[in-house]
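Thanks for coming. I'll take you through one structure this morning, going strand by strand where that helps and then turning to the packing.

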Amino acid sequence: MSDYRDTDTGPAAPTEPALPAAQPAVTEPAIAAEQPAAATDAPVVPPVGTRLDLPEAGEWQRVSPKYVMVEIVGSLIFLVMICVAAGLLWLLLDQTWAAIVGGALALIVLVSVAFEPRRVRSIGYQLRADDLLFRRGIMFQRFVSVPYGRMQLVDITRGPVARWLGLADLKFVTAAATSAVAIPGLAEDDANTLRDRLVELAESRRAGL
Amino acid sequence: MTLADGEWHRLHPASPLLRGGIFIFALLGFLIANLRERVVEMVFGIPRESGDPLDEIYQRGAVGWALLATAVVLVVILVVFALSWRMHTFRVGDESVEVRSGVLFRSHRQARLDRIQGVNIVRPLIPRLFGAAKLEVSVAGQDANVQLAYLGSALADGLRRDILHAAGGARAPRQTAAATADPATGMPVASGSLPGEPSAADTVGQARTGLGGYATARVGEFLAPELDPDAAPPESVVRIPLLRLIGSIVLSSFTVVVVIAIVAVIVSVVSGSTGWLLVAIFPFLLASFGYYFSRITKSLRFSIAGTPDGVRVGFGLLTTSNETLPPGRIHAIGVTQPLLWRPFGWWQVSINKAGHSTNDGAAGQAATTILPVGTLDDVTRVLELVLPAFTGADQHALIERGLLSRGGEGDGFSSAPRRAAWLRPFSWRRTGYALSSGTALIRRGVVARNLVFVPLARLQSVAIHQGPVRRRLRLATARLHTVTGPVTASLGVIDVAEAARLFDSIAAGAIAASDSDTSHHWNRELEVTT
């Protein structure tokens, strides 16, 4: 971790040409260590013209596959809550509709849990020369590009499950409330490195609002 | 006489009184309500029938105590006012504006000059009669404004000029700004006003000659044109004719409600039903007149003009307000036309900005409406002011097509494909975007027409989305993120490949534009050129 951070903070670091070279060094080793198959698993090429895609974009950095666990635990807690609520309504108050609605909701949650690994794989980010590119979602896709100079602050948060797995979420906040770039499920060291890198990049391209 | 000299200054001596204005009125109202019969007797000579509190005091022989209590209360009020005035100081330096206030709980607020989003001068009716004005420096953030209430009217104008001058990054010595007509701002200090129309700066000089002089100065200030003729070149000034203003307010959706209410009243009277509907609706109708009246008086004397230090929006008949937005503080511009305005060709222009003044804008609308109503010609002139880079024949044509075109191919906008009619049955033809000289244009709406401009140098981020429905139709949604405001720059339908192109070109354009953007130091540039 520390060796490539040193290269980044070297005297030539803030200049632009150093960036593309430094970029794979920051994120690649961590990803490669956790997910050797990441490269072969690159975005599934969709039928031409229907799916939203950025053909020009480079290689996406993936988040840790362990993040699937965080999502699944969250879904399971939700599932338990649905079951308890529906069960109470059904058994104690004799509301049959509650059982049907609860069952349907539970089914939806279970199906979405099955898609969870695929959904986590769809989360990706790229540190391009001048902006941060972020994508997520398979059913509801979203691509965002934020110039580094627009950064107001970087937030790192850790939920209980994520902390147990050694993961952290990174949030890139701009002056626009709707930007909403939140990269979940980064290894904690990666998140810290990425935060320092983003702050440094933002500093070198500082703009007003 | 300048206040921006890096020293601590105090506000107008009457500030505590003016700020506590409402309480003074409440006190006066209380006294008059209790002593009204005495007042009536004194003025009209009608004898009183019942006693009032003063008689009661006199009968009980407590005159001395009452006088003492009054004196104590007066002294306490005076001491508190004097203390709060003494402790309320401000300083304008080269880097920042600072305000210290509070007697028991001290507060010290500092705003960096290069972060200023706008400077607003408000003159509410009563302070205006006394020649005082409130100056507000807005910066980005919630409740982050620096308020100086109240200053002498002419001092406030001068202070604003100095603040904006320093905020623009000018390093010129201030003496030049104060002594002669400064080339950078073009605003002469010893203002050569129009003959027979004494401007505020002139009359304040004479104010020292006595009470009569004071009164003349106040009257002169009150009658002075809201926009100092020297502050802006007259050809850049946009005003609203009275008839159009009234028309635009009458032709609003509120009127539709009023008309429905009137029809309901007539029907209920004709059909001879019981009066409950009349009772329910009539107060509303009366109140609506007050609403129209206040909206019209608040937008009277509206003007928007370009000054060297930014766009200046002023309005108000009794309570006047004018705000200067320095260059590069406008994050998005929306031009809209409700259906009722279309026969007259009127448009409204509103903006997104990061700093929010605590005062309302024209017509009681949010201060983000910078042109309440205007013709196509007015709109182009306002756009020239707020988008200085966006001038030229091509851009003019683009604006006109963006506003008036029915859409379709070959009008400079990349419009949505025909299959978008599934989602936008009427407006798909007009839904499109264009990029020109560092500005993104988004055209929408066919019933209520809408054109949005986003200067890419101010863009925060750009996103494209696609859900299952749009995937089937090979469409996507695009959205340009700016600071929060009334204008949302989003494109509901766009061809999927076009969306990817938009994403790439706007992301690249935003970076290029913010690299070359120098608008936050607008005066530095000017000094080089002059």
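Before the first strands, one definition: two strands pair if DSSP finds at least two bridges between them. With that in hand, look at Thr307(B), which stands opposite Gly310(B) in β10(B). Keep in mind throughout that this is a predicted model.

Let me stay with that part of chain B. Strand β9, residues 303-307, and strand β10, residues 310-315, pair in the antiparallel sense over five bridges.

Is β9(B) buried or exposed? Five of its five residues are buried, so the strand is largely enclosed by the rest of the structure. Ser303(B), Ala305(B) and Thr307(B) point one way from the strand, while Ile304(B) and Gly306(B) point the other way, and all are buried.

Ile304(B) brings us to the packing. The largest nonpolar core has 45 residues. Ile304(B) is among those with the most contacts inside that core, along with Ile333(B), Leu383(B) and Phe453(B). Where does this core lie? Domain 1, residues 241-299 of chain B, and domain 2, residues 329-525 of chain B, both give residues to it, so the core lies between them. Another core lies apart from it, with 33 residues, including Ala332(B), Val452(B), Ala500(B) and Ala510(B).

Now Phe453(B). Leaving out residues up to four places away in sequence, Phe453(B) touches, among others, Ile333(B), Leu383(B), Leu387(B), Phe390(B) and Ile399(B). Its contacts also include Thr439(B), Ala440(B) and Leu441(B).

Strand β17, residues 439-444 of chain B, pairs with strand β18, residues 449-455 of chain B, in the antiparallel sense over six bridges. Within this pairing, Thr439(B) has Pro455(B) in β18(B) as its bridge partner. Both strands belong to an open sheet of seven strands in chain B, with the order β14-β13-β12-β18-β17-β16-β15 and antiparallel pairing. Which strands are at the edges? They are β14, residues 369-374, and β15, residues 414-415, each pairing on one side only.

Next, the aromatics. A search of the whole structure finds eight aromatic pairs over all chains. I'll show one of them. The ring centres of Phe254(B) and Tyr292(B) are 5.6 Å apart and the planes are at 75°, so the pair is edge-to-face; the cut-off for that label is over 60 degrees. The pair links distant parts of the chain: Phe254(B) is in helix α12, residues 253-270 of chain B, and Tyr292(B) is in helix α13, residues 276-299 of chain B, 38 residues apart. Phe254(B) counts as partly exposed at 22% relative accessibility, whereas Tyr292(B) is buried, with a relative accessible area of 13%. Ring pairs link Phe254(B), Phe284(B), Tyr291(B) and Tyr292(B) into a cluster.

There are also charges over rings to point out. In chain B, the charged end of Arg10(B) sits over the ring of Trp85(B), 5.5 Å from its centre. In chain A, Arg135(A) lies over the face of Trp60(A), at 5.5 Å from the ring centre.

That takes us to chain A. From the N terminus on, its elements run α-α-β-α-α-β-β-β-β-α-β-β-α, which comes to six helices and seven strands. One residue to look at is Ala162(A), in helix α5, residues 160-164 of chain A. At 6% relative accessibility, Ala162(A) counts as buried. Apart from neighbours within four places in sequence, Ala162(A) is in contact with Val70(A) and Leu167(A). The C-alpha atoms of Ala162(A) and Gly185(A) are separated by 7.3 Å, and the two residues are 23 apart along the chain.

Finally, the totals. Chain B has 18 helices and 21 strands, and 47% of its 530 residues count as buried. For chain A, 43% of the 209 residues count as buried. Taking contacts between residues at least 6 apart in sequence, 58% of those in chain B join residues at least 24 apart; in chain A the value is 59%.

Technical notes
Residues are numbered from 1 along each chain as its sequence is written. Chains are lettered from A and ligands numbered from 1 in the order in which they are written. This is a predicted model: local features need pLDDT of at least 70, side-chain atom pairs count only at pLDDT 80 or more; totals for chains, interfaces and linings use all residues. Side-chain values use heavy atoms; hydrogens and water are left out. Rings of Phe, Tyr and Trp (its six-membered ring) pair if their centres lie within 6.5 Å; planes under 30 degrees apart count as stacked, over 60 as edge-to-face and the rest as tilted. Helices (H or I, at least four residues) and strands (E, at least two) are DSSP runs, numbered from the N terminus. Buried means under 20% relative accessible area, exposed over 50%, partly exposed in between (1.4 Å probe, protein chains only). A charge sits over a ring if NZ of Lys or CZ of Arg is within 6 Å of the ring centre and within 35 degrees of the ring normal. A nonpolar core is a set of buried Ala, Val, Leu, Ile, Met, Phe, Trp, Tyr and Cys residues joined through side-chain atoms within 4.5 Å. Domain bounds come from an automatic or database domain assignment. Contact means heavy atoms within 4.5 Å.
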